[in-house]
Amino acid sequence: EHALAWRLARSPSVDAVCSAPGNPGMAELGPTVPIAVHDLEGLARYASEHEVDLTVVGPEVPLVAGIVDLFSARGLRVFGPRASAARIEGSKVWCRELAERYGVPMARGRSFDAPEPAARFAAELEGPVVVKAEGLAAGKGVRICADAREARAAIDEIMRGRLFGDAGSRVVVEEYLSGRETSLFCLTDGHDVVVLEPAQDYKRALDGDGGLNTGGMGSYSPVPWLPAEVRERAVNEIVRPLLDGLAAEGAAFTGCFYAGLMVDHSGAKLIEVNCRFGDPETQVLMPRLESDLGELLTACAGGSLGDAKVSWRPDACVSVVLASGGYPGEYRTGLEVSGVQEAESMDGVAVFHAGTSLDGSRLVSSGGRVLNVSALGTDIADARSRAYAAAALIEMEGQHLRTDIALGV
């Protein structure tokens with residue numbers, strides 16, 4: 001959300017940006033208002049009373065809860081999908097069923113509402129197994145299991161242990177896909193589609209893709225190993241069939257459509273769909289974007305995207321996440337964070353806030369992923385060097401970061 005607000009504040013079409021509830025980084029761009037993301041009525045009232053021209057919804061929770069439906073009913077312009085379309089992220093079971101109906105290539109898998117059948121199916125799959133909680137789990141609801149034994153333990157943890165609450169009342173069990181992962185973003189007004197630059201994020205907590213899944217520990221863009229023809233095929237074989245399917249079922253999608261893909265020698269297969277800009281991919285896309293983001297998002301919300309062209313800086317961008325020690329498990333908050341201004345003083349560097357707050361004049365941690373250090377460079381290696389040099393200037397007790405983001409790309 002900070003990266004979106006940062007780019008909007010730099011858009012010629014935008015006079016002012018206010019953020020709800022915002023964070024210390026967003027407060028530097030304009031007013032922040034203490035309205036929670038789940039307070040849909042409060043957000044709609046604020047947008048109406050302050051004659052906000054466009055509301056850009058960052059997180060998935062209010063989208064799934066129907067914020068776009070509410071705003072539209074009040075005559076308020078809003079960027080994002082209605083609840084019927086946002087369900088594609090809110091329910092992994094429904095997303096898989098939709099993809100099956102419209103012939104989208106993906107891993108072999110099934111959905112289950114009881115642990116025993118899920119475990120039996122996991123035992124039928126050869127090699128590693130992926131277990132996904134059905135509902136929203138802040139990017140942490142996926143377990144990659146080495147074998148059926150680990151899969152059974154993950155199924156029990158999610159379904160019986162209710163690790164993710166009601167989000168784990170059903171699970172999807174899939175074969176593990178090998179290859180290289182990438183994130184493909186498209187803007188759509190419900191009719192026309194504009195494909196954005198791809199990015200790659202790193203979901204596992206530890207170097208070498210070890211540890212638990214997180215909301216993302218870093219990212220880079222562009223993706224030099226992804227051929228243009230593979231990207232075009234993915235749009236035609238995955239993105240457009242899903243968008244056409246949503247429209248055919250009365251849930252036309254507007255906003256940012258995110259397709260998580262696994263790419264191998266045979267092409268791309270679908271891993272997941274998000275109904276909004278990705279995190280931490282947005283933190284590398286926004287520094288590279290040259291086009292007026294305000295104009296693009298307003299066109300999406302108003303149904304006038306047409307054949308809009310999007311221009312990009314030739315630079316590469318790499319973003320490194322600084323997380324609290326212990327994330328995505330238990331971690332401390334309220335830890336002082338220093339060195340942000342020094343990092344931001346470096347050429348081409350932007351520090352985007354995630355889990356931060358102010359304790360008086362002190363910047364402190366308030367979440368698992370605390371900051372994203374993004375840097376532009378002439379190529380991936382240059383951007384990576386700058387990002388890690390900037391990250392080294394920031395200090396927080398027990399902070400954790402991966403040291404292999406964009407290494408060897």
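In which loop is Pro222 found? Pro222 is found in the loop between strand β12 (218-221) and helix α10. Helices (H or I, at least four residues) and strands (E, at least two) are DSSP runs, numbered from the N terminus.

The structure is a predicted model, in which local features need pLDDT of at least 70 and side-chain atom pairs count only at pLDDT 80 or more, while totals for chains, interfaces and linings use all residues. Residues are numbered from 1 along each chain as its sequence is written, and side-chain values use heavy atoms, with hydrogens and water left out.

**Backbone features**

Pro222 is joined to Ser221 by a cis peptide bond, with omega about 5 degrees. A cis peptide bond also joins Asp279 and Pro280, where omega is about 20 degrees. Pro280 belongs to the loop between β14 (267-274) and α11 (282-288).

Asp209 is a residue other than glycine with a positive phi, near 55 degrees. Asp209 sits in the loop between β10 (204-206) and β11 (210-213), and its relative accessible area of 42% makes it partly exposed. In this scheme buried means under 20% relative accessible area, exposed means over 50%, and partly exposed lies in between (1.4 Å probe, protein chains only). Ala406, also not a glycine, has a positive phi near 60 degrees. Ala406 lies in the segment after β21 (395-396) and counts as buried, at 2% relative accessibility.

**Helix packing**

Two packed helices are described by the angle between their axes and the distance between the axes. Axes are lines fitted to C-alpha atoms, for helices over the stretch in contact, and angles run from 0 to 180 degrees between N-to-C directions. Angles under 35 degrees count as roughly parallel, over 145 as roughly antiparallel, 65 to 115 as roughly perpendicular and the rest as oblique.

| Helix pair | Angle between axes | Distance between axes |
|---|---|---|
| α1 (2-9) and α12 (293-302) | about 110 degrees | 8 Å |
| α7 (92-101) and α10 (228-248) | about 100 degrees | 10 Å |
| α6 (83-90) and α7 | about 100 degrees | 6 Å |

The residues involved divide into four nonpolar, one polar and one charged. For these classes, Ala, Val, Leu, Ile, Met, Phe, Trp, Tyr, Cys and Pro count as nonpolar, Asp, Glu, Lys and Arg as charged, and the others, Gly among them, as polar.

Helices α7 and α10 are likewise roughly perpendicular. Trp94, Leu98 and Ala99 in α7 meet Leu242, Gly245 and Leu246 in α10, a contact of five nonpolar residues, one polar and no charged.

The pair α6 and α7 has an angle of about 100 degrees, which makes α6 roughly perpendicular to α7. On the α6 side are Ser84, Arg87, Ile88 and Gly90, which meet Lys92, Trp94, Cys95 and Leu98 in α7. By class, this contact has four nonpolar, two polar and two charged residues.

**Cavity and pocket**

On a 1 Å grid over the protein atoms alone, a cavity is a set of points where a 1.4 Å probe fits but cannot get out, and a pocket is an open set with protein on both sides within 12 Å along at least five of seven lines; lining residues have an atom within 4 Å of a point. Grid points are joined across faces, edges and corners, and a volume is the space filled by probe spheres set on the points.

There is one cavity of 30 Å³ or more, and the largest cavity has a volume of about 40 Å³. Its lining consists of Leu187, Leu196, Phe277, Met286, Leu289, Leu293, Leu296 and Trp312, that is, eight nonpolar residues with no polar and no charged ones.

The second largest pocket holds about 270 Å³ of space. Of its 13 lining residues, Glu28, Val340, Gln341, His353 and Leu363 lie nearest the centre. Helix α13 gives the most to this lining, with four residues. The lining divides into five nonpolar, five polar and three charged residues.

**Individual positions**

Gly334 is in the loop between β15 (316-323) and β16 and is partly exposed, at 40% relative accessible area. Leaving aside neighbours within four places in sequence, Gly334 contacts Arg362, Val364 and Ser365.

Ser19, in the loop between α1 and α2, is buried, with a relative accessible area of 5%.

Conventions: Contact = heavy atoms within 4.5 Å.
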